[in-house]
Amino acid sequence: MSQTKPIRPDSQIITVQQHIVQQQEAHSPDSRGTFSWLLSGITLATKMIQSRIRRAGLVDGALGAEGATNVQGEQQQKLDVFANNALIHCLGGRDAVSVLVSEENEEPVTFDRAPGTGKYVVVFDPLDGSSNIDVNVNVGTIFSIYRSPKPADGHKPSLDEEVLQSGLKQVAAGYVVYGSSTMFVYTAGFGVYGFTLDPAVGAYVLSHDNMKMPQQGQYYSTNEANQRSFPPHYGTYLDELRDGKLGKAYSSRYIGSLVADFHRTLLKGGVFLYPPTKSHASGKLRLMYEANPIAFITEQAGGVATDGRNRILEIQPTDIHQRTPLVLGSRTEMEAFERARLAAGA
Ligand code: AHG
Ligand code: MN
Ligand code: MN
């Protein structure tokens with residue numbers, strides 16, 4: 001019987017906080033204290049969110065719709081609002097943060113910080129996979145961190161210059177998946193690391209060291225109900241996977257929470273696709289707080305992430321809530337997708 005062994009004895013755990021400090025010491029000693037304090041705002045908020053999710057069916061008023069719609073025109077769930085408030089509260093109290101950008105806030109949330117502080121912009125999807133909340137299926141939180149541009153010629157950068165940075169400028173990105181266990185996965189540009197929340201200790205503990213996406217997987221993940229409105233080469237490509245053209249017959253897996261669908265793709269390989277559709281001609285997923293952080297992690301794990309044509313990380317955002325198609329996964333599947341696109345002249 002196979003059994004996963006802990007990667008070190010119980011008495012020698014490495015928490016996400018220790019890991020970040022070690023990484024900063026090795027790679028950017030100037031910012032280590034500030035950056036790890038900032039990250040601790042995210043870990044604290046996600047522990048609050050996971051605790052709320054774990055008890056959602058027991059606590060009066062935790063499940064269901066809030067009654068309002070967000071900037072995307074989507075119905076806000078009560079847990080969307082709770083998660084957003086928790087992140088804004090925990091991050092807003094850290095003076096390293098100059099701006100917060102959230103799926104749930106139409107405009108960036110700004111803070112008037114003392115000179116020399118407020119170095120970072122944090123962008124997040126507080127609760128990803130809202131349609132799965134009420135049915136006890138995995139949901140997540142996604143975040144991305146940028147440095148505020150330095151003042152040029154004594155002029156403070158404009159809010160647009162601060163927030164509309166391409167994914168290449170990300171200093172760190174990560175997600176938490178509230179699954180059968182709660183996991184925190186992040187990259188600061190030096191590999192991808194996964195931590196499992198140990199509820200007894202109350203800390204995220206290193207459980208997945210230097211994660212790499214397999215070269216090829218056996219799953220494709222897409223909302224197949226939309227297939228007739230995908231551009232035609234997507235259908236050709238999916239048929240190739242189903243027909244065993246890549247040397248194996250693929251199975252489909254689709255949860256409908258990007259974090260969960262991505263987490264499986266990271267661990268098992270394969271391909272995830274959210275193409276343009278009739279109702280979402282530019283794709284449904286949001287560039288800044290869904291596609292960019294997930295693309296950064298994908299590349300750091302050895303995979304490929306595009307909008308169906310171009311590298312996600314190179315897209316220059318023009319709006320904090322803009323959408324993009326997203327195709328990502330293992331090298332073998334992504335090369336086959338590119339061949340199908342070129343063959344179709346698309
Ligand atoms: P959110 O709950 O943050 O609005 O995100 C929902 C997203 C994403 O998690 C998932 O990949 C996608 O919506 C699923 O969309 P479909 O239901 O159209 O397949
Ligand atoms: Mn989302
Ligand atoms: Mn969301």
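Leu127 is buried, its relative accessible area being 1% (buried means under 20% relative accessible area, exposed over 50%, partly exposed in between, with a 1.4 Å probe and protein chains only). This is a predicted model, in which local features need pLDDT of at least 70, side-chain atom pairs count only at pLDDT 80 or more, and totals for chains, interfaces and linings use all residues. Residues are numbered from 1 along each chain as its sequence is written, chains are lettered from A and ligands numbered from 1 in the order in which they are written, and side-chain values use heavy atoms, with hydrogens and water left out.

**Manganese site**
- Glu103 (OE), Asp125 (OD) and Leu127 (O) coordinate the manganese ion (ligand 3) at 2.1 to 2.3 Å (donors are N, O and S atoms within 2.8 Å of the metal, 3.2 Å for Na, K and Ca; water is not among the atoms, so sites may look incomplete).
- Asp125 coordinates both this ion and the manganese ion (ligand 2), and the two ions are 3.7 Å apart.
- Glu103 also counts as buried, at 4% relative accessibility.

**Helix 1**
- Helix 1 spans residues 16-27 (helices are DSSP runs of H or I, at least four residues, and strands runs of E, at least two, numbered from the N terminus).
- Val16, His19, Ile20, Gln23 and Gln24 are buried in helix 1.
- Seen down the axis, these buried residues fall within an arc of 130° (taken from the directions from the helix axis to the C-beta atoms), so they line one face of helix 1.

**Thr298**
- Thr298 lies in helix 7 (residues 287-300) and is buried at 0% relative accessibility.
- Beyond its neighbours within four places in sequence, Thr298 is in contact with residues including Met213, Phe262 and Leu328 (contact means heavy atoms within 4.5 Å).

Conventions
The expected span of a helix is 1.5 Å times one less than its number of residues.
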